[in-house]
Amino acid sequence: MSQDSIAAPESVRKLSGRRRREVVAVLLFSGGPIFESSIPLSVFGIDRQDAGVPRYRLLVCGGEEGPLRTTGGLELTTPYGLEAIGRAGTVVVPAWRSITSPPPPEALDALRRAHEEGARIVGLCTGAFVLAAAGLLDGRPATTHWMYAPTLAKRYPSVHVDPRELFVDDGDVLTSAGTAAGIDLCLHIVRTDHGTEAAGALARRLVVPPRRSGGQERYLDRSLPEEIGSDPLAEVVAWALEHLHEQFDVETLAARAYMSRRTFDRRFRSLTGSAPLQWLITQRVLQAQRLLETSDYSVDEVAGRCGFRSPVALRGHFRRQLGSSPAAYRAAYRARRPHGDQLASAPVEHVPAQASPQIRRAAAAAAQAGSATASSAVQEPVKSYSEAFASGQGRPSLPGQRSAP
């Protein structure tokens with residue numbers, strides 16, 4: 001359960017004498033996105049004591065030889081190198097340039113040493129891949145951008161990846177989801193260090209909410225990572241996407257793959273980082289979203305056309321994933337469309353361009369089947385309005401946050 005506490009969790013090591021709690025080191029690499037990199041620089045690097053925000057001392061450190069090239073071809077020169085991390089009580093890795101390439105060994109050694117000496121280590125967005133490469137997430141809960149969560153889970157199976165959370169606080173190691181979730185986590189750090197009032201004052205200066213409700217569920221793309229495109233399981237996945245309107249279970253998929261249920265589960269999880277049952281349920285919920293957005297079917301009819309055994313099952317899964325009932329979702333979606341718009345078929349925007357042709361064909365067939373009653377006269381494509389439910393129900397007291405117990 002989420003919680004706010006200024007008391008240090010028991011799992012946090014005692015800070016080494018040469019490190020200072022108020023010193024924050026931000027570790028930058030070449031190729032990193034400028035937005036994520038600027039978040040901790042703005043939060044911890046600007047003196048806002050006049051607004052009641054305690055001051056941090058910021059050390060911007062290069063994780064490799066500079067100059068560092070970032071988004072848009074900008075070149076950065078950092079005032080400090082890896083040696084400056086030795087003075088920091090908090091080390092932030094705002095992003096990593098590529099989820100497929102290994103970070104520099106020297107940077108990983110510096111992170112391990114900082115952690116051993118009691119520093120708090122923070123990974124924003126794809127920065128979680130750097131923490132995982134250093135072994136700091138082994139056996140721990142963590143999150144990252146929903147799009148990269150399956151890859152993180154597959155590459156580092158000992159990490160307990162939760163793609164639903166905006167951020168995860170596991171005491172001395174913290175991770176966040178993509179982009180704006182980095183602001184949420186940095187505000188959480190200020191709140192943990194200096195209390196709710198200081199975090200609220202900082203949020204007002206940044207013109208952001210002090211606590212965002214909801215997690216990443218409303219943004220999740222329920223398709224599979226591109227790595228599965230060349231795997232034999234791709235054919236089974238394509239079949240499942242084409243037949244979501246039918247009632248079948250994981251045993252059916254395992255039989256089509258000529259595998260036992262146990263082998264199929266293990267193989268599917270190793271490829272995607274997700275259990276096949278959970279993937280199938282989220283695919284059915286995604287199809288229900290399309291139908292609610294693009295048709296006039298009743299909720300009972302939507303349940304049947306998405307393979308749910310009953311409307312009750314649809315409502316339960318829909319609320320758990322999106323924080324709203326199907327009826328409320330449809331009402332909010334229609335209320336947000338410009339007045340007079342007609343229903344339109346939902347574009348196939350949930351399958352990456354790199355996915356295999358058979359998966360893309362299956363997704364296209366599923367979308368077409370789900371929008372049979374939709375008008376084709378609308379000029380602009382309909383986008384998902386899951387964000388209408390940022391105030392979803394049934395979550396902890398501080399939604400979007402998972403903290404150490």
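Me: Is Glu22 buried, partly exposed or exposed?

Reply: Glu22 counts as partly exposed because its relative accessibility is 40%; buried means under 20% relative accessible area, exposed over 50%, and partly exposed in between, with a 1.4 Å probe and protein chains only. This is a predicted model in which local features need pLDDT of at least 70 and side-chain atom pairs count only at pLDDT 80 or more, while totals for chains, interfaces and linings use all residues. Residues are numbered from 1 along each chain as its sequence is written, and side-chain values use heavy atoms, with hydrogens and water left out.

Me: Where does Glu22 lie, and what does it touch?

Reply: Glu22 is in strand β1; strands (E, at least two residues) and helices (H or I, at least four) are DSSP runs numbered from the N terminus. Not counting residues up to four places away in sequence, Glu22 touches Arg55, Tyr56 and Arg57, where contact means heavy atoms within 4.5 Å. The C-alpha atoms of Glu22 and Arg55 are 7.6 Å apart, although 33 residues separate the two in sequence.

Me: Turning to the core, which residues touch the most other members?

Reply: In the largest nonpolar core, of 33 residues, these are Leu27, Ile85, Val91, Leu111, Ile121 and Leu137. Such a core is a set of buried Ala, Val, Leu, Ile, Met, Phe, Trp, Tyr and Cys residues joined through side-chain atoms within 4.5 Å.

Me: And what is Ile85 in contact with?

Reply: Leaving aside neighbours within four places in sequence, Ile85 contacts Arg19, Ala25, Leu27, Cys61, Val91, Ala110 and Ala114.

Me: What about β6: which of its residues are buried?

Reply: Arg120 and Val122 on one side of β6 (residues 120–123) are buried, as are Ile121 and Gly123 on the other. Strands β5 and β6 pair in the parallel sense over four bridges; pairing requires at least two DSSP bridges between two strands. Val122 in β6 stands opposite Val92.

Me: What is the phi of Cys125, and where is that residue found?

Reply: Its phi is near 55 degrees, a positive value in a residue other than glycine. Cys125 is found in the loop between β6 and α3, and it counts as buried because its relative accessibility is 5%.

Me: Last topic: at what angle do α10 and α12 cross?

Reply: The axes of α10 (residues 276–294) and α12 (residues 311–322) cross at roughly 95 degrees and come within 10 Å. The two helices are therefore roughly perpendicular to each other.

Notes. Axes are lines fitted to C-alpha atoms, for helices over the stretch in contact, and angles run from 0 to 180 degrees between N-to-C directions. Angles under 35 degrees count as roughly parallel, over 145 as roughly antiparallel, 65 to 115 as roughly perpendicular and the rest as oblique.
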